[in-house]
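Me: I would like to go through this structure slowly and ask, for each term, what value stands behind it. Please set each value against its definition before you conclude.

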Amino acid sequence: MTTPSSTAAPAPFGWCHWHKGPSGTAVMVDVVEQNSGPGVALYACAPCREQRRLTPVAEQAHEVAYRDYLIHTTDCAGCSRLGRCDVGGRLRDIYQKALDAAA
């Protein structure tokens with residue numbers, strides 16, 4: 001009989017859209033937008049990401065810039081719906097340029 005302390009946690013399961021199989025290392029690398037309905041997230045495992053030079057969404061420039069912008073504007077007293085402080089404005093510009101480059 002096994003006890004909870006002796007049972008190993010199950011390995012994370014994911015699906016790799018590139019090799020079309022299960023993977024324990026799959027992360028989201030792209031989102032395909034659609035005109036109607038929800039978009040489709042595409043996942044790739046570590047070997048497929050390395051072979052195809054795919055970057056996880058969380059590490060893509062526009063996502064990093066957006067996170068930085070959100071963190072700043074959440075904590076900054078000078079940033080509001082009416083405007084942004086100088087730093088908030090620069091972070092927003094960086095985000096917009098990264099977003100344009102990703103398109």
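Predicted model: local features only at pLDDT ≥ 70, side-chain atom pairs only at ≥ 80, totals over all residues.

Me: Which helices and strands does the protein have, and in what order do they run?

Reply: The protein holds three helices and four strands, and from the N terminus on they run β-β-β-β-α-α-α. The names follow DSSP runs, numbered from the N terminus, where a helix is a run of H or I with at least four residues and a strand is a run of E with at least two.

Me: Which residues of H2 are buried, and what puts them on the same side?

Reply: The buried residues of H2 are His62, Ala65, Tyr69, His72 and Thr73. Because they cover an arc of only 100° around the axis, they are on the same side of H2; the arc is that of the directions from the helix axis to the C-beta atoms. Buried means under 20% relative accessible area, exposed means over 50%, and partly exposed lies in between, with a 1.4 Å probe and protein chains only. The face turned away from the buried side of H2 carries the exposed residues Ile71, Thr74 and Asp75.

Me: Which residues are buried in H3, and what is carried on the face turned away from them?

Reply: The buried residues of H3 are Gly88, Leu91, Tyr95 and Ala98. They cover an arc of only 90° around the axis, and therefore they lie on the same side of H3. The face turned away carries the exposed residues Asp86, Arg90, Lys97, Asp100 and Ala101. An α-helix has 3.6 residues a turn, so residues three or four places apart point the same way.

Me: Why does His19 count as partly exposed?

Reply: The relative accessibility of His19 is 39%, so His19 counts as partly exposed. His19 lies in the loop between strand S1, residues 14-16, and strand S2, residues 21-23. Leaving aside residues up to four places away in sequence, His19 touches Cys45 and Cys48.

Me: Why is Lys20 called exposed, and what marks its phi?

Reply: Lys20 has 60% relative accessibility and therefore counts as exposed. Its phi is near 55°, a positive value in a residue other than glycine. Arg53, in the loop between helix H1, residues 46-52, and H2, also has a phi near 55°, and Arg53 is exposed because its relative accessible area is 76%. Most residues other than glycine have a negative phi.

Me: How many disulfides does a search of the whole structure find?

Reply: The search finds zero disulfides, a disulfide being a pair of cysteine sulfur atoms within 2.5 Å. For Cys79 the nearest cysteine sulfur, that of Cys76, is 3.7 Å away, and Cys79 is in no disulfide. For Cys85 the nearest is again that of Cys76, 3.6 Å away, and Cys85 is in no disulfide.

Me: What makes Cys79 buried?

Reply: Its relative accessibility is 9%, and so Cys79 counts as buried. Of the 103 residues of the protein, 24% count as buried.

Terms used:
Residues numbered from 1 in each chain as written. Heavy atoms only, no water. Contact = heavy atoms within 4.5 Å.
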